[in-house]
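Here is a short note for someone opening this structure for the first time. Please read the points in order, with the model in view.

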Amino acid sequence: MCLGVPGKVIEVDREMQIATVDFWGVQKQVRLEVCDAPVDPGDYILNHVGFAIRRIPPEEAAETLALYDELLRLADEQDLMTADVRAEIDAAPDARPAPRGAPDESK
Amino acid sequence: MNPSDPFAQMKFRDPARARGLRDALERLVRDADHAPVSVMHVCGSHEQAIAKFGLRAAFPEELQVIMGPGCPVCVTDVPEVDEAVALAKQGVRIASYGDMLRVPGTSQSLADAKAEGANVDVVYSVTQAVELAREHDEEIVFFASGFETTAVATAAILLDDPPDNFSVLSAHKYIPPVMEIVAEMPETKIEGFLAAGHAATITGSAVFEKFVERHGLPVVIAGFEPLDVMAGLVKLLEVINSGEPRVENAFPRCVTREGNVHAQKLLWRVFRPTGGRWRGIAHVPNGNLRLRDEFAKYDTRKRFTIDASALWSYAPPKLVQQCQCGDIMAGIASPSDCQLFGKECTPDKPVGACMVSAEGTCRIWHQYGGRPDLRSMRRGAA
């Protein structure tokens, strides 16, 4: 449970302090009020129980992602570490699809 | 694949670097003026990585890497579980992280209470507990477990104007003080600590500086990749051998000296550290996080009269008396020292808290095997 999970920021709602974050193809809403650095689309964040606890610059993300790639690729539901990672992703609510024609903040 | 090569069996991304780190560990243990060298980590995720990837097979035989009190669910004390169980039995709806349900109280766990009809929900986050409170008129108590990393999320929620029918029964724990307790245990042979990277993301590495000053034991912060863990251990042994204890950060891509200062402010605005017992270990001064008086409105302990006395007229079964979770969490015994491990005590029928939680040493060893036989294979091959 202390294992945060990195995800890629797709979109940021600064007013609500919520980011849409992609975790291996699953888009989730992650709260930003605990994070100490401004987060932009393209950054990675470390998600713990639905909150971003740190911004990870994109150039440093690859090393962090490797462990999770491995755990999720094996997709062993019985595996404790994989289960922890999935629980961390499940902790964040699903992202709502953006309404049609809404301005895309990521551009 | 050469079956006698542990690195062929382990799924390292970079076997060459793994071998390099293994060689460095062997050299450093050889250079130490004594054997064995014992170090402790305090994180269930570190133990998962070590056990899952079979790292102990790669460690020199004279290096002991011991898991300490790194499982927040496991160290939640019996009276804290009793509070939640008593409330549940009074008819109050409880929401908690899944691992907390099966942690034994004096006579019952939350799962037992649920089986008898109590209303207990599993949530993945405190946000989901707040949503439950928004969706229902009844009182929702969030039985909150986890170290400082997780407590920050609880703090953020309490600062975000949760509904009036939401309250927090805090069993949050703070890791730095328990390291002092373990360091002072007369049985301990620990020469240094590997601190958990993601907790230190919040607290920063500076939080360990006073500890190092007081106890003369080095602390190295490490990440969770198998290579991160090995690199952290190499750094830790280097500092031990140098004879100049200090804090080193071997996980700089996530951890700074100051940490997430903003998150620390949220944490300490909502919580105050207070002394309390950690299950099986000891009274830990400043080891428990409780709500400050300003948040009394959301403090389950202030909001309800909790009477757990009905749970106490009970003698623990013999198996529980044989359980060695306490010594295991203090790092002075390992699961294989416990005669119940894997026999009377399994993940399906756990006797102690360490077999319940995914971060408990016994549960992790039961799944992955804590001391793989690869080591003897390597010896056989040599």
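1. Start at A:Ile53. A:Ile53 sits in strand S5 of chain A, which spans residues 51-56. The model is predicted, so every remark here concerns a computed structure. Is A:Ile53 buried or exposed? It counts as buried, because 26 C-beta neighbours lie inside 10 Å, and the cut-off for buried is 20 or more.

2. Next, look at what A:Ile53 touches. Leaving aside neighbours within four places in sequence, its contacts fall in both chains. In chain A they are A:Gly4, A:Val34, A:Cys35, A:Leu46 and A:His48. In chain B they are B:Thr149, B:Val152, B:Thr201, B:Ile202, B:Asn260 and B:Ala263. For a distance within chain A, take A:Val21. A:Val21 is 32 residues from A:Ile53 along the chain, and their C-alpha atoms are separated by 13 Å.

3. Now chain A as a whole. It has 5 strands and 2 helices. From the N terminus, the order is β-β-β-β-β-α-α. Chain A holds 107 residues, and 44% of them are buried. Of its contacts with a separation of 6 or more, 47% join residues 24 or more positions apart.

4. The interface comes next. Here 29 residues of chain A are in contact with 37 residues of chain B. Which of them gives the largest share? That is H7(B), with 5 residues. By class, this side of chain B has 18 nonpolar, 13 polar and 6 charged residues.

5. On confidence, the predictor gives the complex an ipTM of 0.87 and a pTM of 0.90. Chain B averages a pLDDT of 91, and 93% of the residues score at least 70. One stretch calls for caution. Over residues 373-382 of chain B, pLDDT stays under 50. The model has 12 contacts beyond four places in sequence for that stretch.

6. Chain B contains an open sheet. Its 4 strands run in the order S4-S3-S5-S6, with parallel pairing. The edge strands are S4 (120-122) and S6 (166-170), and each pairs on one side only. From one strand to the next, the twist averages 25°.

7. Strand S3 (residues 93-96) of chain B pairs with strand S5 (residues 140-144) of chain B over 4 bridges, in the parallel sense. B:Ala95 has B:Phe142 in S5(B) as its bridge partner. A helix also belongs in this picture: H6(B) lies across S3, S4, S5 and S6 of chain B. H6(B) runs at about 170° to S5(B).

8. Finally, the domains. Chain B is divided into domain 1 (6-70 + 175-259), domain 2 (78-173 + 267-311) and domain 3 (321-368). Taken over C-alpha atoms, the centres of domain 1 and domain 3 of chain B are separated by 22 Å. Their contact takes 16 residues from domain 1 and 10 residues from domain 3. On the domain 1 side, H3 and strand S2 (63-67) of chain B give two or more residues. H3(B) gives the most, with 5 residues. The residues of this side divide into 8 nonpolar, 5 polar and 3 charged.

Technical notes. Residues numbered from 1 in each chain as written. Chains lettered and ligands numbered in written order. Predicted model: local features only at pLDDT ≥ 70, side-chain atom pairs only at ≥ 80, totals over all residues. Buried ≥ 20, exposed ≤ 12 C-beta atoms within 10 Å, placed from the backbone. Contact = placed C-beta atoms within 7 Å. Nonpolar A, V, L, I, M, F, W, Y, C, P; charged D, E, K, R; others polar. pLDDT = per-residue confidence, 0-100. Pairing = 2+ DSSP bridges. Axes fitted to C-alpha atoms, helices over the stretch in contact; angles between N-to-C directions. Domains from an automatic or database assignment.
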